[in-house]
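This report describes the nonpolar cores, a pocket and the aromatic contacts of the structure shown below.

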Amino acid sequence: MKKTIHCILIGCAVASMTTSCSDDPDDNKKDEPKSYSALYVLDEGGFGAGNASLDAYDLHTGTFTQDVYSSATGKRLGDTGSDLQYHNGCLFAVMNGSGKVIVTDVYMQSSVAEISIESPRKICFNGDKAYVSSFTGGENGKGSVKEIDLNTYTVTKNIPVSYEPEGVAVHENRLYVANSCGYHLTLTDDSYISVIALSDYSELPHIDLHVVNLENILFDSKGHLWVSSRGNYSDVPSRLYRIDRSAGNVYNDVYTYNMPCSNMTATPGRLYFYASVWDNSQYKNINTFRSINLNTLDVETSSYISTDAAGGIQNPYGLAVDRFTGDIFISDACDYTNGGKLFCFDKNGALKHEFTTGVNPGHLTLVPAAD
């Protein structure tokens, strides 16, 4: 059954879109997008400054609009955004510093819900349920994942995991959680991927990588599980890992790509990632932009954006790829204090557009066009 929020068109970058929030658990399966109409950018803001914001880029008109949420609602998002995702007509902004998840229709004419969660980090979806990682709520100071019923926008389940869980993903009705141990960097045995059967919330054997600071996690269209580690900022470097199924249909066959990864996203045929690693000798971050062919699982030999364009990015902070046009979006935190940048590249890596964003533009999400 559809639950539609009737919206008045507003004069911003998303005025041409016609979507609605829905609580039909099959909607995200039957309404596969044929194209995208907008890109949203969650600007984290400064830590403790309460200046997170939301920007919108209309892919049809080329219009970029800053701070659309505040302009439309008269309210601030809050403090320190940590994730932004689109699901069934709604945007979900995870506000770590404010301890809440803000749900709004894509017009932001109506705030659908605000869900209080202590120390929330990342969000994913499975039908009419959302799953939010939290640094609190587990046993003996460990973290948890909160299940949210999207019919009522209430927390209905607390799922204990390990220390400082970050990325979350659902595949074949199982929840996968990247436990970072970010505040416990010596506890490598506790930094693993939790696997939860959503049929009965039982904890299945976890996936051991024996590395700390796990962060991003996703499944590609081929069924491979990918996870990144930030390392320990000292003698253990950041790395990218691919985990394949082995006997018994269990994910535990780990392959290590000996290269750093700060963020990643996938299209049906390609995994895109970038790394930003501090170099003491040059006293600056060294940025790389690489991709993996998902058919061969080989790393592409060249960068997916031009060398000149890559040199113009100071501190890459967010990544999204339009799988229909091939356009690549990379945000830049610049000096982490003032406004950042959003760069749009075509499928060949040539720069198309550049826009000024809010402070620390860290999370990008594409919104499907209406049929």
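## Basis of the description

A residue is called buried when its relative accessible area is under 20%, exposed when that area is over 50%, and partly exposed in between. The model discussed here is predicted.

## Aromatic pairs

The structure holds 17 aromatic pairs. In one of them, the ring centres of Y36 and F324 lie 5.2 Å apart with the planes at 55°, so this pair is tilted. Y36 belongs to strand 1, whereas F324 is in the loop between strand 24 (316–321) and strand 25 (328–332); the pair therefore ties together parts that are 288 residues apart in sequence. Y36 has a relative accessibility of 14% and so counts as buried, while F324, at 36%, is partly exposed.

Another aromatic pair, Y317 with Y336, is edge-to-face, with 5.9 Å from centre to centre and 75° between the planes. Because Y317 lies in strand 24 and Y336 in the loop between strand 25 and strand 26 (339–345), this contact ties together parts that are 19 residues apart in sequence. Y317 is partly exposed at 23% relative accessibility, and Y336 is partly exposed at 38%.

Ring pairs also link Y57, F64, F329 and F355 into a cluster.

## Nonpolar cores

The largest nonpolar core consists of 19 residues, and Y40, L54, L77, L84, L91, M95 and V106 have the most contacts inside it. Two or more residues of this core come from each of strand 1 (36–43), strand 2 (53–58), helix 2 (68–73), strand 4 (81–87) and strand 5 (90–95). Another core, of 16 residues, lies apart from it and includes A178, I193, I217 and Y241.

## The second largest pocket

The second largest pocket contains about 160 Å³ of space. Its lining is formed by E139, N140, K142, I159, P160, V161, S162, Y192, S194, I196, Y201 and E203. Strand 11 (154–160) and strand 14 (192–197) are the elements that give two or more residues to this lining, and strand 14 provides the largest share, three residues. By class, the lining has six nonpolar, three polar and three charged residues.

Y201, one of the lining residues, also takes part in a contact with a charged group: the charged end of K157 sits over the ring of Y201, 4.7 Å from the ring centre.

Notes
Residues numbered from 1 in each chain as written. Predicted model: local features only at pLDDT ≥ 70, side-chain atom pairs only at ≥ 80, totals over all residues. Heavy atoms only, no water. Core = buried A, V, L, I, M, F, W, Y, C linked by side-chain atoms within 4.5 Å. Buried < 20%, exposed > 50% of the residue type's maximum accessible area, 1.4 Å probe, protein only. Helix = DSSP H or I, 4+ residues; strand = E, 2+ residues; numbered from the N terminus. 1 Å grid on protein atoms, 1.4 Å probe; cavity = no way out; pocket = protein on both sides within 12 Å on 5 of 7 lines; lining within 4 Å. Points joined across faces, edges and corners; volume = space filled by probe spheres on them. Nonpolar A, V, L, I, M, F, W, Y, C, P; charged D, E, K, R; others polar. Phe/Tyr/Trp six-rings, centres within 6.5 Å; stacked < 30°, edge-to-face > 60°. Lys NZ or Arg CZ within 6 Å of the ring centre and 35° of its normal.
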